Amino acid sequence: LKPACARLRYGCASRPSHGVRHGCLGLMPHRHSAASQEVRLLRAERRGFLAPRPSGSRWLFVPEHLHPRLLAMASSVQLHSEHDALVGRSSHFARAATLAA
């Protein structure tokens with residue numbers, strides 16, 4: 001295997017036959033080695049860029065224009081859940097849960 005191929009910088013690597021023709025199998029342009037990724041992760045953690053995810057929570061990636069509306073929906077669902085817990089039964093609609101509480 002060649003350590004690098006001059007043709008990588010011209011987009012040749014995007015074709016499946018590139019590695020076979022030029023002997024560059026195993027090279028992934030724009031990828032860091034596992035050791036380098038580990039060093040970067042430790043540095044980010046040391047500098048305070050990483051925070052543990054709160055227990056029982058998950059991340060949800062949404063389009064940016066929907067974010068404010070989904071935050072409002074999430075707080076409404078949380079309040080609905082709290083009202084159901086107060087009453088001791090579940091309600092299909094948030095309004096019914098609020099009235100029952």
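Reader: Is F49 buried or exposed?
Author: This is a predicted model, in which local features need pLDDT of at least 70, side-chain atom pairs count only at pLDDT 80 or more, and totals for chains, interfaces and linings use all residues. Buried means under 20% relative accessible area, exposed over 50%, and partly exposed in between (1.4 Å probe, protein chains only). F49 has a relative accessible area of 66%, so F49 is exposed.

Reader: Where is F49 found?
Author: Residues are numbered from 1 along each chain as its sequence is written, and side-chain values use heavy atoms, with hydrogens and water left out. Helices (H or I, at least four residues) and strands (E, at least two) are DSSP runs, numbered from the N terminus. F49 sits in the loop between α2 (34-46) and α3.

Reader: What pattern does the protein follow along the sequence?
Author: The protein has four helices and zero strands. Read along the sequence, the pattern is α-α-α-α.

Reader: How far apart are the end C-alpha atoms of α3?
Author: The expected span is 1.5 Å times one less than the number of residues. Helix α3 (residues 67-87) has 21 residues, so the span should be 30 Å. The end C-alpha atoms agree, at 30 Å.

Reader: Which residues of α3 are buried, and how wide an arc do they cover?
Author: The buried residues are H80, H83 and D84. They lie on the same side of α3, because their arc around the axis (taken from the directions from the helix axis to the C-beta atoms) is only 100 degrees.

Reader: Why can residues three or four places apart point the same way?
Author: Look at the turn of an α-helix. Residues three or four places apart point the same way because one turn holds 3.6 residues.

Reader: What do the buried residues of α3 pack against?
Author: Contact means heavy atoms within 4.5 Å. The face turned away from the buried side carries the exposed residues P68, A85 and L86. The buried residues pack against α4 (94-100).

Reader: How far is A85 from A101 in space?
Author: A85 is in helix α3 and counts as exposed at 60% relative accessibility. A85 and A101 are 16 residues apart in sequence. Their C-alpha to C-alpha distance is 9.1 Å.

Reader: Which residues does H32 touch?
Author: H32 lies in the loop between α1 (18-22) and α2. At 43% relative accessibility, H32 is partly exposed. Not counting residues up to four places away in sequence, H32 touches Q37 and R40.

Reader: What share of the 101 residues is buried?
Author: The protein exposes about 9100 Å², with 59% supplied by carbon and sulfur atoms. Buried residues make up 11%.

How values were computed:
Accessible areas come from the Shrake-Rupley method with a 1.4 Å probe; for residues, only the protein chains shown count as cover.
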